[in-house]
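This report is written for a reader meeting the structure for the first time.

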Amino acid sequence: MALGLSAALAAGGVFPAYATKKDVEEAKKKVSAIEEEKKKVEASLKNLEGLKSDAAAYVKRLDGDLESLNRELDSLAVQITDKEADIEATGLELEQARQVEEKQYADMKLRIKYMYEQGDTSYIDMLLQSDDMVQLMNRAEYIKKISEYDRKKMDEYVATKETIAAQEQALKDDREKLLELQDSTEAKQQSVETLLSEKNRELKNFESQINAAEGQISEYEKDLKAQESRIQQLEAEIKRREEEARKAAEAAGKSYKTVNLGDISFIWPCPSSSRITSGFDGRSSPTEGASSNHQGIDIGAGSGSAIVAAASGTVVVSTYSYSAGNYIMINHGGGVYTVYMHCSQLLASEGQEVKQGQTIAKVGSTGYSTGPHLHFGIRSGGRYVNPQAYVSP
């Protein structure tokens, strides 16, 4: 059902006692942005109806829609920042133009006052009192130059006034555009909340199905095993290549540096939050079907918060899975890896070299997750170790 104007105003803030025409127009724009975004979300959920029998496919599609929305929100945030910078720059230019206008106006007032007090007779007297033709011509030229100067100053004053009017209009347009961007951001944030709610509801339905099917391996567990198998194969291949490199170096009489877990100094992967919501290893399962053998730590943080590389290395996995959502795995050498799961966006690709502290992803709630957080894991020698033994906020 479409929101009424009064409801939208109430949702957006206190309705002014005496609303102006501008207040009403801005409220209408806000309602329009929210309703347009609401229609998009409803269409998206309708298209997903046919996938509800397949929880994995349903969640994957929802995660894709959430990722698109988060990218749109990032784009809006950049536009808002740019627009705020434009407004600040235009405001400074406007202030400078007004200062110039004030000085020009003051100068003109002095000049007009002088002309009024002296009258045009001063020019005539000057010409009549000339001693000869040469002096007369020189004084006539002088009077012409003064008149041209007066006209130039008047033209400059008019130009300054026009500049101020143009800058004031630009400032007004920029502020209106900023309000539109802010309304779009608010509408899309509501869309994200709607989709997350729908996803959590579907995950709960899926949990009921797991409870009802004793002995049946859930899609979640299947995906977890598939991801673990993939990681083990990847680690084995990387270990083989490193061993070949070591032997080749030794055969050539060169030294080959071996990296151990203790040699790496990790930094906290989520700068915006130090809140650990779930520790390593044994825990109560947060949702039915989710593993109680937790191979990492969960760091609760706002959706879209930066995730940084805990140490320098090479990205070996940057993909999506039903259980882990969008996730990244970095190889630090010597069989040491870090893993970052449930991201809203991935900002580093496979094969990319990343530096410690570089932003590689953003916090989200993709995959088997019911709220925005970062699942952070450290692997060494083919198994997960407790990250809290090697890194702290």
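## Cysteines

C270 counts as buried, because its relative accessibility is 0%, and the cut-off for that class is under 20% relative accessible area. C343 is likewise placed among the buried residues, because its relative accessibility is 0%. The model is a predicted one, and a search through the whole of the structure finds 0 disulfides.

In soluble globular proteins, nonpolar side chains tend to be buried together. The largest nonpolar core here has 29 residues, and those with the most contacts inside it are F266, I307, I328, I330, Y340, I360 and F376. At least two residues of this core come from each of the strands β4 (297-300), β7 (325-333), β8 (336-346), β10 (359-363) and β11 (373-380), and β8 gives the most, with 4 residues.

The surroundings of I360 show how parts of the chain meet: once its neighbours within four places in sequence are left aside, I360 is in contact with I307, V308, A309, I328, I330, Y340, L346, L347, A348 and V354. Another core, of 11 residues, lies apart from the largest one, and I231, I238, V339 and Y384 are among its members.

## Salt bridges

Side chains of opposite charge can pair when their charged atoms come close. The structure holds 8 salt bridges, and one of them joins R241 to E237, with the closest N and O atoms 3.3 Å apart. These two residues are separated by about one helical turn, because R241 and E237 are 4 residues apart in helix α6 (residues 219-251). R241 is partly exposed, with a relative accessible area of 44%, and E237 also counts as partly exposed, at 31% relative accessibility. Both R241 and E237 belong to a network of salt bridges that also links R240 and E244.

Also in helix α6, E243 and R246 lie 3 residues apart, about one turn of the helix, and they form a salt bridge whose closest N and O atoms are 2.3 Å apart. R246 forms a salt bridge with E250 as well, where the closest N and O atoms are 2.6 Å apart; R246 and E250 both lie in helix α6, 4 residues apart, which is about one turn of the helix. As for accessibility, E243 is partly exposed, with a relative accessible area of 31%, while R246 counts as partly exposed at 23% and E250 counts as partly exposed at 47%.

Note on methods: Residues numbered from 1 in each chain as written. Predicted model: local features only at pLDDT ≥ 70, side-chain atom pairs only at ≥ 80, totals over all residues. Heavy atoms only, no water. Core = buried A, V, L, I, M, F, W, Y, C linked by side-chain atoms within 4.5 Å. Buried < 20%, exposed > 50% of the residue type's maximum accessible area, 1.4 Å probe, protein only. Contact = heavy atoms within 4.5 Å. Disulfide = S-S within 2.5 Å. Salt bridge = Lys/Arg side-chain N within 4 Å of Asp/Glu carboxyl O.
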